[in-house]
Amino acid sequence: MPLPSSPPLQQPLWASILILMSAIGIVGSNSLLLSPLVLAVGNDLGADPAGVMQAASAYGLGVAAAALTLAPLGDRIGAGRLLRIALLVLALGLAASSAAPGLWGLIAAQAFCGLAGGAALPSIYTLAAVIAPRGREARVVGLVLTGWTLSMVLGVSLSAWLADLAGWRLVYLALALLAAGLWLSSAGLGRITSSSGGQASSPLTALRVPGIRRGLLASCLLMLSFYTTYFFTGAHVTLTLGLSTAQAGLLPLFYGIGFGLAVIFDPLLDRLGLVRATPPIFVLIALTYLVMLSVAGNYTLLLLFALVWGVFQHLGLNLLVARLTSLDLEQRGAIMGLYSTITYLCVFAAPFVGGLLFPLWGLMGCLALSALLCLFEAIEAAISLRRPLPPTNPVLPDAPV
């Protein structure tokens, strides 16, 4: 049976990559934005910080719900068309956030943004795999993933500066205009048709795809390991090391820079292939956690290895997306919807898991668990990725299960 080919692009590859990267940047910026703006938003809306952060929770729940229920629509109508719908809804939700008259208005607007984000992210990951020329899949996916760096390094930092300068409402309005601009410029992506020929998919049909359960286990291990440590780095820097909040903010900044710099190593993944690259990359992530554990008392060294952490986390995420999107061409939307749901469930669970470890052993307890989870994934990948399944159109050479 001949392998299905990717649909022809309606615009230059670089333009499509830039649109997808920017879309991730906007979705990611919105998810991280309320934390630095919490006092400004609370003062304006007459709400306490805990109340303002309920809007962030509403956004997260919206993402998880849409990733599970709306993402499979991309397999029926095409991931590009679903992304364009999501961008339009996101622009409206961000504009509503900017104009929110009170706390409940902001919560409702952010839930609306969450639904858009939950539909957009699986579509972005799917399109990154679809548009990539054969033999350059890891490079294209890696470039798209640097949108997360845009959100962490540029989106949040610039938004915080803009909020100080002109108020938090202008920040949401600017993001709304950017989302609308992406919607206008993404018409070419919207013409990419579905690989499934319009057949319906769902979370249940996706769960029957061979290899999906092991792929979702890998997702859970990577994401839980990341967020269990990431959520408690700020508390470690301020409470354990006794440093300032500004110094605590440098750690995610260094991580984000490392995540972006890792794009120069993505071509190596194309040459190695998924089977050979995945186990050693996860071993390297585990070793990075162990090194961070040993230098946790030294702020300078912790910053340095946060940069290394970002590099290897980028490569691990790239391989994970490649693994999932190669499982079934016809159900990429549903599969990546399951992945996004798993991710946000880990976002929800990590504070509870880390909350049990941090009071007893500090950040070192979180780092030890993160290293153990990544080591488990290295073992799982070494076993699972060697088991051949019926051939599909691989995202990387040496295709996975």
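Visitor: What covers the buried residues of α15?

Guide: This is a predicted model, in which local features need pLDDT of at least 70, side-chain atom pairs count only at pLDDT 80 or more, and totals for chains, interfaces and linings use all residues. Residues are numbered from 1 along each chain as its sequence is written, and side-chain values use heavy atoms, with hydrogens and water left out. Buried residues (under 20% relative accessible area, 1.4 Å probe, protein chains only; exposed is over 50%, partly exposed in between) of α15 include Ile281, Phe282 and Tyr289. Their cover includes α11 (212-230), α14 (266-272), α16 (299-325) and α18.

Visitor: How many residues does α15 have, and what is its reach from first C-alpha to last?

Guide: Helices are DSSP runs (H or I, at least four residues), numbered from the N terminus. The expected span is 1.5 Å times one less than the number of residues. For α15, the expected value is 30 Å, and its 21 residues come close to that, reaching 30 Å.

Visitor: Which element gives the largest share of the nonpolar patch?

Guide: The patch covers about 740 Å² of surface and includes Leu287, Phe376 and Ile379. Such patches take residues with over 30% relative accessible area and no salt bridge, nonpolar side chains being joined within 5 Å. Leu287 lies in α15 and is partly exposed at 44%. Two elements give two or more residues, α15 (274-294) and α18 (363-384), and the largest share, five residues, comes from α18.

Visitor: Which side chain joins that of Asn30 in a polar contact?

Guide: Asn30 is in helix α1 (residues 13-45) and is buried, with a relative accessible area of 2%. A polar contact is a pair of N or O atoms within 3.5 Å, where within protein one must be able to donate a hydrogen and the other to accept it, and residues adjacent in sequence count only if both atoms are side-chain atoms. At 3.0 Å, the partner of Asn30 is Gln110.

Visitor: How far apart are the closest N and O atoms of Arg169 and Asp44?

Guide: A salt bridge puts a side-chain nitrogen of Lys or Arg within 4 Å of a carboxyl oxygen of Asp or Glu. Arg169 is partly exposed at 25%, and Asp44 is partly exposed at 41%. Their closest N and O atoms are separated by 3.1 Å.

Visitor: Which residues are linked in a network of salt bridges?

Guide: Arg323 pairs with Glu377 at 3.5 Å. This pair joins helix α16 to helix α18, 54 residues apart, and both residues are buried. The network consists of Arg323, Glu377 and Glu380.

Technical notes. Patches are made of residues with over 30% relative accessible area and no salt bridge: like charges are joined within 9 Å, nonpolar side chains (Val, Leu, Ile, Met, Phe, Trp, Tyr) within 5 Å. Accessible areas come from the Shrake-Rupley method with a 1.4 Å probe; for residues, only the protein chains shown count as cover. Contact means heavy atoms within 4.5 Å.
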